[in-house]
Amino acid sequence: MGEKAFICATCGKASTTKRDLQRHNRIHTGEKPFVCELCGKAFAWQSNLRTHQRIHRGEQSFVCETCGKAFTTRGGLQRHDRIHTGEKPFVCETCGKAFNSQSHLREHEMLHTGEKPFVCATCGKAFVWRYDLSAHQRLHTGEKPFVCETCGKAFTWQSSLQKHERIHTGEKPFVCETCGKDFTRQSDLHKHKRIHTNDKPFVCVTCGKAFTHLNALGRHERVHTGEKPFVCATCGKAFAWQAGLNSHKRVHTGEKPFVCATCGKTFAWQTGLHKHKRVHTSEKPFV
């Protein structure tokens, strides 16, 4: 009695009855003979079908004693209980990090193995997590499921929507510890901090001059390249910097935004105002 006479030809596992061996073989064959009549989902074992059918009946027999949340399966309740107990029984053998579910451990282990099982069918880019693949695929489909309730603008990612919503709420959660200035985006705070640290990570490869911000380096490089991307639509004159174009446009518009506080005379450029002020101060800097 109890002799295990039925051996699996694929993996060598022994079963006590022929029926048990037949059930086991479905692991290798992928056979799923038990089909849900309501949704068509198929299962390898009848017990799994019975558990699944509770979803359609709305039956939730397993209730959390702490918060009252109900589950269809005992396993679902056991996984949920770990939220309350803080138990993390699944430990990574490589780094020792612990997790409350085996699926989370499996996902984490891919960081060590480099495995990326979720591959984009359009461009071939691979991902560790299915969620990241789903988010990436929106780049190809153009789908923007996250919509601002205030203005209706749509976004590809939820994080982009959250950042956008701060425009409407005025929320600035990122605060400089040195001066107290607050920012809508963390990236803006990082850039601002360089004012205090004098960090200048962006260096011109031509002359070695360093800059706090990448866009400042980009503007500077035009000194060396001679690039003039800002072109006057009226006369075609080109400028290396936007500020130069804006100043030039006053030649055509006649705009004079710089006003003398003493006599009210106006000027197109700030240099003209500075020179004029000497009339009132009697300053003679070139004597």
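Contact means heavy atoms within 4.5 Å. Helices (H or I, at least four residues) and strands (E, at least two) are DSSP runs, numbered from the N terminus. The model is predicted: local features need pLDDT of at least 70, side-chain atom pairs count only at pLDDT 80 or more, and totals for chains, interfaces and linings use all residues. Residues are numbered from 1 along each chain as its sequence is written, and side-chain values use heavy atoms, with hydrogens and water left out.

**Exercise 1.** Determine which strands the buried residues of α8 pack against.

*Solution.* Helix α8 covers residues 214-225. Its buried residues (under 20% relative accessible area, with exposed over 50% and partly exposed in between; 1.4 Å probe, protein chains only) are A216, L217, H220 and R222. These residues pack against β15 (202-203), β16 (210-211) and β17 (230-231). Just after α8, G226 has a positive phi of about 75°.

**Exercise 2.** Explain why the span of α7 agrees with expectation.

*Solution.* The expected span is 1.5 Å times one less than the number of residues. The 12 residues of α7 (186-197) should therefore span 16 Å, and the end C-alpha atoms are 17 Å apart, which agrees. The buried residues of α7 are L189, H192 and R194.
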